[in-house]
Amino acid sequence: MRCVVVGGGIAGVCCAEELCRLRPDYSVTLVSEDRTLKGVTNVVQLSQSVEEFDVVERDLTTLPQRNLRVVQARAAGLDLDARELRLQGGGGLPYDRLCLCVGATPRRLAEGPNVLVLRDCDSVASLAARLNTARQVALVGNGGIALELAHALRGVEVVWVVRHGQIGDSFFDLDAAEVEGARDEHGERYGHAVGPRWAHALPAGGPGGDAGGRLTLERDCEVVYLHTGSGCAQGTPVWPARLDLSNGRSYSVDLVISAIGVDARSAWLPLQLERCEDDGGILVDEELRTSVPGVWAAGDCCTVRAEAQAPLWFQMRLWTQARQMGLYAAQGLAGGGGMLGAGLTFELFSHATRFAGLKVVLLGLYNGQKLDAEPACDLISYSRATEGDQPTFVRVLLLRGRMVGAVLVGETELEETFENLILDRLDLSGFGPALLDPDVELDHVFD
């Protein structure tokens, strides 16, 4: 059986390695545009569905599987009738089963030499070089990359523009954002750290090694005009770029970092592969199969059909879901599909990361996702926060007395307990706020 996996990111590498493990009798080919591949290491299982891991970069020659061949090339087209992946520059790879893990393309705020989009190692190196001489930079966006950058850019003046009312809107509600987020504009603790450790490549100080820096946070606004080039004066000397915001404020900066999201890389694929109208992702079912037999998709390039999503699961383009999807797609390519078991991966949304040095676990519909149609009287939320050397924050969301989501910040040791409470659908209405009493050992109560 000839299997081809396209994409050298986390989804593609995890899929190829898992497929080689499941079916050592298969011939597996991994196609990557770049010589550097993304991988996962130091996986720690916090509960049945929650895991922490580190993202690492590896050279394509280091993958050890005997039945795996790695081809460095750009996929240029797909002949579905001939079952062949076409490569840029000529040639092709025939396949019996194919998995598309081609990722997404970052959206660009604007084109120009002073606008930088982070996506790969080269763009990180470029940012590190630019920061050595930057006086003030603008960071536009509120997703994972923006959160990590806000934490990493400590040696330079930063203007952070977010269109939401709080930082980390995709991850936190208002209370959790206040626990995790910007303290003040003097650089005490103003951001988050999320995802891979690429931010360690950034310099620790600004011009002249100054480790200072101030954060100016502009909430509830967008960039309405961005001018790059000469003549953007803010006193003297001349600044290379200027942003005009929807709240009427303007800022002149040396560099604009655009982190406003991504779009699935699907435009090069044939139209027989159905796309999601909203985000352009390749539509897949609960087994990550596309609309074309013999073709799967995983990671940022795909969109799981709404009818295929479990009530307590939803899709976010995260490192954790890229890994989960890659592993699960490998089971389909191996011929097992759901029979080989994805565990709780797609039954319950779960994500573990670290923001501002604190462990963060998100479970289920933690921020009220998919609950817009529910009566407000049927929803109730409880929260607690503890201070000290190891601060924690816990918030749970109940629908008609049953827990449907939770946010855990810090070393709460509640991941497994709350996961079980959500999945077991127990009626907790009788407990009220006592549900979060730190003196109540919930794991014993509900054993």
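# A tour of the predicted model

The crossing of helices α1 and α5 is right-handed. Select residues 10-22 for α1 and residues 319-333 for α5. The two helices pack at an angle of about 35°, and their axes are 7 Å apart. To show the contact, display I10, A11, C14, C15, E18, L19 and L22 on the α1 side. On the α5 side, display W319, A322, R323, G326, L327, A329, A330, Q331 and L333.

## Helix α1 by itself

How far apart are the end C-alpha atoms of α1? They are 18 Å apart, which agrees with the 18 Å that 13 residues should span at 1.5 Å a residue. Now colour the helix by accessibility. α1 is mostly covered, with 11 of its 13 residues buried. The buried residues are I10, A11, G12, V13, C14, C15, A16, E17, E18, L19 and C20.

## The sheet beside the helices

Next, bring in the strands. An open sheet of 5 strands runs in the order β5-β2-β1-β9-β21, and its pairing is parallel. Select residues 68-72 for β5 and 295-297 for β21: these are the edge strands, and each pairs on one side only. From one strand to the next, the twist averages 20°.

Zoom in on β1 (residues 2-6) and β2 (residues 27-32). These two strands run parallel and are joined by 5 bridges. Which residue of β2 stands opposite V5? It is L30.

## A second sheet

Move to another open sheet, also of 5 strands, ordered β11-β18-β12-β13-β14 with parallel pairing. Its edge strands are β11 (115-117) and β14 (215-218), each pairing on one side only. Neighbouring strands here are turned by 20° against each other on average, with direction ignored.

Within this sheet, select residues 136-140 for β12 and 255-258 for β18. The two strands pair in the parallel sense over 4 bridges. A138 stands opposite V256 in β18.

## Salt bridges

Show the charged side chains now. Side chains of opposite charge can pair when their charged atoms come close. How many salt bridges does the structure hold? There are 24, and a few stops follow.

- Select R23 and D25. Their side chains meet in a salt bridge, 3.0 Å from N to O. R23 counts as partly exposed, at 26% relative accessibility.
- Select E274 and R305. They form a salt bridge whose closest N and O atoms are 2.9 Å apart. The pair links distant parts of the chain, 31 residues apart: E274 is in the loop between β19 (262-264) and β20 (282-284), and R305 is in the loop between β22 (302-304) and α5. E274 is partly exposed, with a relative accessible area of 38%. R305 is partly exposed too, with a relative accessible area of 21%.
- Select R400 and D378. Their closest N and O atoms are 2.9 Å apart in a salt bridge. R400 lies in the loop between β26 (392-399) and β27 (402-409), and D378 in the loop between β24 (358-364) and β25 (379-386), so the pair ties together parts that are 22 residues apart in sequence. R400 is partly exposed at 43% relative accessibility, and D378 is partly exposed with a relative accessible area of 22%.
- Select E33, R74 and R265. These residues are linked in a network of salt bridges.

## Last stop: helix α6

Finish with residues 415-424, which make up α6. Is this helix largely enclosed or largely open? Because 7 of its 10 residues are buried, α6 is largely enclosed by the rest of the structure. The buried residues are E415, T417, F418, E419, L421, I422 and L423. Step one residue past the helix to R425, which follows α6 and has a positive phi, near 60°.

Technical notes
Residues numbered from 1 in each chain as written. Predicted model: local features only at pLDDT ≥ 70, side-chain atom pairs only at ≥ 80, totals over all residues. Heavy atoms only, no water. Pairing = 2+ DSSP bridges. Axes fitted to C-alpha atoms, helices over the stretch in contact; angles between N-to-C directions. Contact = heavy atoms within 4.5 Å. Buried < 20%, exposed > 50% of the residue type's maximum accessible area, 1.4 Å probe, protein only. Salt bridge = Lys/Arg side-chain N within 4 Å of Asp/Glu carboxyl O. Expected span 1.5 Å × (residues − 1). Left-handed = near helix turned anticlockwise from the far one by under 90°.
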